[in-house]
Structure formats: C-alpha cells, structure tokens
Amino acid sequence: MTRQSAIDSISAYFDDGRFQADLADLVAFETESQNPEQAPELARYLTQAMIPRLSALGFETRLHDNPEPGAGPILTAERHEGDELPTVLTYGHGDVIRAQTDQWREGLHPFRLTEEGDRLYGRGSADNKGQHLINLAGLEAVLQTRGKLGFNCRVVIETGEETGSPGLHAFFEQNKEALRADVLIASDGPRLQPETPTMFMGSRGGVSFDLVVDLREGAHHSGNWGGLLADPAMILAQALSTITDKRGQIRIPEWRPDSLTDAVRAALRGLPIEGGDGPAIDPDWGEEGLTPAERAYGWNSFAVLAMKSGVPEAPVNAISAHARATCQLRYVVGTDPEDILPALRRHLDAHGFEAVQIVPHDRGFFRATRLDPDHPWVKFVAASLEETSGQPPHVLPNLAGSLPNDAFAEILGVPTVWVPHSYRGCSQHAPDEHVLKPVCRDALRLMAGVFWDIGDGKSPD
C-alpha cells in the first residue's frame, strides 16, 4: 500500500457521496453556542457524532466538563502507537454561530445540508464541522491503507469557539501532559484563493468594546433644546474620528505594530489577496504604503461594527440622551494586548473626550500568535501539500481573523500549523454559509497526504 493508495481511497470517499452524507449528519446538530437554549446539543454532538467516529478509529475518548461554569463540554481522544513515535495534536470546534434562520434565502436552511452546483450550504459546513470532518477522514484513510497511522495522535474538539473558547485555556493548563504533542496540525478559516492550498501559523488577536456617551435621562425636543443640550451622537462621532484618519489609518501610536519585519514582508510578497468570490478591495483604504496582504496579515485594523443613537428605525425630533458604538481592533504580534484599552483611554482623554466611556465586552478574544515560516514543521507540511497538489501552497505568517491558537502555542508550547479547507466567500458567520465541493475534495486528498507523510518517518525530529 502506498501514499497514492490512501489518496485514492479518500478521493473515493468524496466521489461516492459518503463525505457529503457525513457532513449532512454533522450539520443537522443545532450546536449554536451563542444560544443558551441549545446547550444540550453541544454535548450531543460530541457523544453522538464525534465519539463513535473516533472510537471506530481506535481512539480512546474522554468527555470533560468545561472548567468555566455553564460553558460547553470538551472532548479529548488519543491513539497511542509507540513511545518513540511523534505525536500530532489536531483540533476542531463543534459549535456554530447563531443560525439566523430567517435570513437564509429561500430553499436553504441552516441545519439542513443543501447541494447547489459546486456548493454545499449549511451552518457549520465551513466553520468548522466540515473542516474537522476532513481531517478525521484523512486519518481514517491512512489507517485503512497502512493499517496504522505511524504516529501518535491526540484530538481536541471543543464546543465554545464561537463564544471565545471559554474554559479552553484553563483546561489546557490543567491537562498539559495529557495534551503534549510535537505539533498541532488543524484546520479553520479560509484559503487565500480557493484553487490553491493555504497554510498559516497563527492568527491576529482581537479586542472588542463599546464606546458610550451617556449624558442624561431621556430625549428632549430638538426645537426647544437644540443648541442648548450636548448631542451624544456628535460627541461620539468626533471621538471616533480621532482614532483613525479618513482612510482608516490608525492614529493611536500603541496600536501601530512593530512586527512587520522584512521577513514577514517577504513571506507576504506576491500573495494574491484580491479576486475570488467576495467584494472588491478598496485600494485607498487602510495603512498607506502597505500592500493589501500586508494590511490584512501584517498590520492592525480598527472597525466600527455598529452604531446607534436615538431610534434609527423611527426617528423623532429629539436630541438623544446617549450614543453607542461597538468597536473592534484586530491586532498582530507586536501589539501589547494589555495596553490596548488603556492606550485608547489615554488617547481619548488627550483629545478632550473624557465623557466617552470604554465598555469592554464580556466575550473573550484570542491573543495574537505567529510561528516562523522557516520552522521545520512549516516546511514539512508545505512540501507535503505541494507533492499532493502539484503546486506550492500559499504560506501566511498568521490568519487575518482570530482563533484560539494562543492556547496551543503559549500554554502547550507546540508549533502550530493550520491548513484551512474553506474559502473567503463562504459566508462564514452570515446567512447562506457554504463550502465548495472542489475545495473539500482537494482538502481530503491533501490531509491524507500530510498524515501519510508524518507516519512515513520523514517528519521533523
């Protein structure tokens, strides 16, 4: 039996419809971690979908209560083949973002996998059920072909990533030895371009918060009180305008990273971030002098996610009492996460906006991480992907979005390599979420190749 045999086996798994049927079964679990009423579904996903599949592959499984009260359970699994063999850790999350059922277009339902041409629609198809299904199927193809993996494997499936992975970091602190590994190889996020494999070795961090101006009780007639009462919406808009300039360039010195080195620039040079299925990039937005790839993967970005003052749906002739903006900073390595909000406070005060309150969100966000693109495990996985696909992968220092890579990199101390199986136009976190069938088929073949190569004794020491 050969590497190609494993790849042919997993190709047949896709071609005869088994992958699509398995994904449909996973999508049917209504695992909305943001919806407290669906908490029982989180445990049901692990016990009814994940444990049987992993047990059939010879893994010993264990379901853990989350250290964070009220948070979803965590599943671990292990297949040990030899003390002298390398250990691979892989990860997925079974929870999904809110369904938004009434916003899906006609004919689609978030918890029913629907095929339309090359697209498979369903909540979690891209984020993250389809992605960890692909990786488990890759392990299965190697086992069926070789009769063994040729390495030890540990698996973590959590059920709270969409709410900031509550309890995951504490769980890792409590179980460092049980989760010890030589490398993390996992999948989340999108490819840079759908037709080319992508790798990334970390992620941007994120901090979200509200800026609030709350001046008085109740609204007051704009004719009687206009020009006499301070307008909270105007104050908030002026405060926001000091954070960036008119093209979105960040003006807070502490929010401007120092980590866009020549090596990072070299890694990002020539990567095709434009094109594909998605909106056109605005060429005059963001940090001037940076390429689009550098802005997305090597720099910080500030966004106003929502704003409100008064009743926008039914405005009246009144000066509102308060205004609120929900904001977010996505940041790369080289930004001090502990100083993000204090720096904002200093900045607002220095500009005369002491009345603007900063209200941090309860939802946790992940810290920025990045692994050297020259790390031996990065080069090993890249070579494997190129052997299978016939083309070099796009290699990103970090994902533009955020995920709990810091738990693996900082607590467990393992090198982290992510191979995403989705694409940027997948409507992740939005209605009509979907995956592309050609990407799924290609990803299955890639992961069978990666896991075969690790078990072939050629992986880094």
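Leaving aside its neighbours within four places in sequence, L399 is in contact (heavy atoms within 4.5 Å) with P190, F200, G202, S203, R204 and Y297. One of these residues, R204, is 195 residues apart from L399 in sequence, yet the two are 6.2 Å apart in space, C-alpha to C-alpha. L399 is found in the loop between β16 (394–396) and α12 (405–412), where helices (H or I, at least four residues) and strands (E, at least two) are DSSP runs, numbered from the N terminus. L399 counts as buried because its relative accessibility is 8%; buried means under 20% relative accessible area, exposed over 50%, and partly exposed in between, with a 1.4 Å probe and protein chains only.

The structure is a predicted model, in which local features need pLDDT of at least 70 and side-chain atom pairs count only at pLDDT 80 or more, while totals for chains, interfaces and linings use all residues. Residues are numbered from 1 along each chain as its sequence is written, and side-chain values use heavy atoms, with hydrogens and water left out.

The largest nonpolar core comprises 66 residues, and those with the most contacts inside it are F19, M50, I185, M199, V381 and I454; such a core is a set of buried Ala, Val, Leu, Ile, Met, Phe, Trp, Tyr and Cys residues joined through side-chain atoms within 4.5 Å. Helix α13 (residues 437–458) gives the most to this core, with 11 residues. Apart from it lies another core, of 33 residues, among which are Y91, V156, L290 and L399.

Strands of a sheet pair through backbone hydrogen bonds, either parallel or antiparallel. Strand β3 (residues 87–93) runs parallel to β7 and is joined to it by two bridges, where two strands pair if DSSP finds at least two bridges between them. Within this pairing, L89 stands opposite L184. β7 also pairs in the parallel sense with strand β17 (residues 416–418), over three bridges, and W418 in β17 is the bridge partner of A186.

R191, in strand β8 (residues 190–191), counts as buried because its relative accessibility is 2%. The side chain of R191 makes a polar contact with the side chain of D442 at 2.8 Å; a polar contact is a pair of N or O atoms within 3.5 Å, of which, within protein, one must be able to donate a hydrogen and the other to accept it, and residues adjacent in sequence count only if both atoms are side-chain atoms. Besides D442, the residues in contact with R191 include P420, Y423, R424, V439, A443 and L446.

An open sheet of three strands has the order β4-β5-β19, with antiparallel pairing. β4 (114–116) and β19 (434–436) stand at the edges with a single partner strand each, so one side of each is left without a neighbour in the sheet. The twist from one strand to the next averages 25 degrees. Strand β5 (residues 119–121) pairs with β19 over three bridges, and R119 stands opposite L436. α13 packs on this sheet, touching β4, β5 and β19, and its direction makes about 65 degrees with that of β19; axes are lines fitted to C-alpha atoms, for helices over the stretch in contact, and angles run from 0 to 180 degrees between N-to-C directions.

A further open sheet, of four strands, has the order β12-β14-β10-β15, again with antiparallel pairing. Its edge strands are β12 (301–309) and β15, each of which pairs on one side only. β10 and β15 pair over four bridges, with L211 standing opposite I358 in β15. α7 lies across β10, β12 and β14 and runs at about 20 degrees to β14.

In helix α10 (residues 340–350), the buried residues are I340, L341, A343, L344, H347 and L348. They lie on the same side of α10 because they cover an arc of only 155 degrees around the axis, the arc being that of the directions from the helix axis to the C-beta atoms. The elements that cover them include β10 (205–214), α7 (232–241), β14 (322–331) and β15 (357–360). Just after α10, G352 takes a positive phi of about 85 degrees.
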